[in-house]
Amino acid sequence: MTDAKTSADAAAARESLARARREIEEIDRQLIALLARRVGRSKEIGTLKRIAGMPTLDPAREAEVIRRAASVARDEKVRDIFWQIIGLSRTAQTEGE
């Protein structure tokens, strides 16, 4: 392979890498916005649970959310992430207590 070909390949790879990183940054922004929406809804749910006299912690509901996420994603790591998201939501729900 010539030096010009190698140089062109490297330049193309760097441009593809930059494009992929920009896409990841946009996905990250979207994930952050979605998590903020989820936390906002969780706060609302916490308020509604208190008004309804219901406990904040609902292990059956949490397990249902995890099962649904795991069945869609089919990935153990995603399930672990959803446990973290549920913890974030639980904290948001209890902030008003």
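Reader: Hi! Leaving out residues up to four places away in sequence, which residues does Ser42 touch?

Author: Hello! This is a predicted model, and in it Ser42 touches Ser89, Ala92 and Gln93.

Reader: Nice. And which helix does Ser42 lie in?

Author: Ser42 belongs to helix H1, which covers residues 3-52.

Reader: Buried or exposed, that Ser42?

Author: Buried: Ser42 has a relative accessible area of 4%, and the cut-off for buried is under 20%.

Reader: Let's move to H2. What span should its residues give, and how far apart are its end C-alpha atoms?

Author: Helix H2 runs over residues 59-73, so it has 15 residues.

Reader: Ok, what about the stretch after H2? What phi does Arg74 take?

Author: Just after H2, Arg74 has a positive phi of about 55°. That is a positive value in a residue other than glycine.

Reader: Where does Arg74 lie, and does Arg74 count as buried or exposed?

Author: Arg74 sits in the loop between H2 and H3. Its relative accessibility is 72%, so Arg74 counts as exposed, the cut-off being over 50%.

Reader: Switching topic: how many salt bridges does the structure hold?

Author: There are nine salt bridges in the structure.

Reader: Let's take some from H1. How far apart are N and O in the salt bridge of Arg29 and Glu26?

Author: The N to O distance between the side chains of Arg29 and Glu26 is 3.1 Å. These two are three residues apart in helix H1, so about one helical turn separates them. Glu26 is partly exposed, at 34% relative accessibility.

Reader: And what is the N to O distance for Glu44 and Arg41?

Author: For that salt bridge it is 2.6 Å. Glu44 and Arg41 are also in helix H1, and because they are three residues apart, they are separated by about one helical turn. Glu44 counts as partly exposed at 38% relative accessibility, while Arg41 is exposed with a relative accessible area of 52%.

Reader: Now H3. Which residue forms a salt bridge with Glu76?

Author: Arg79 does, and the closest N and O atoms are 2.6 Å apart. Arg79 and Glu76 are three residues apart in helix H3, so the separation is about one helical turn.

Reader: What are the relative accessible areas of Arg79 and Glu76?

Author: Arg79 has 31% and is partly exposed. Glu76 has 48% and is partly exposed.

Reader: Last one: which residues are linked in a network of salt bridges?

Author: Glu15, Arg19 and Arg22 are linked in such a network.

Reader: Great, thanks for walking me through it!

Conventions
Residues are numbered from 1 along each chain as its sequence is written. This is a predicted model: local features need pLDDT of at least 70, side-chain atom pairs count only at pLDDT 80 or more; totals for chains, interfaces and linings use all residues. Side-chain values use heavy atoms; hydrogens and water are left out. Helices (H or I, at least four residues) and strands (E, at least two) are DSSP runs, numbered from the N terminus. Buried means under 20% relative accessible area, exposed over 50%, partly exposed in between (1.4 Å probe, protein chains only). Contact means heavy atoms within 4.5 Å. The expected span of a helix is 1.5 Å times one less than its number of residues. A salt bridge is a side-chain nitrogen of Lys or Arg within 4 Å of a carboxyl oxygen of Asp or Glu.
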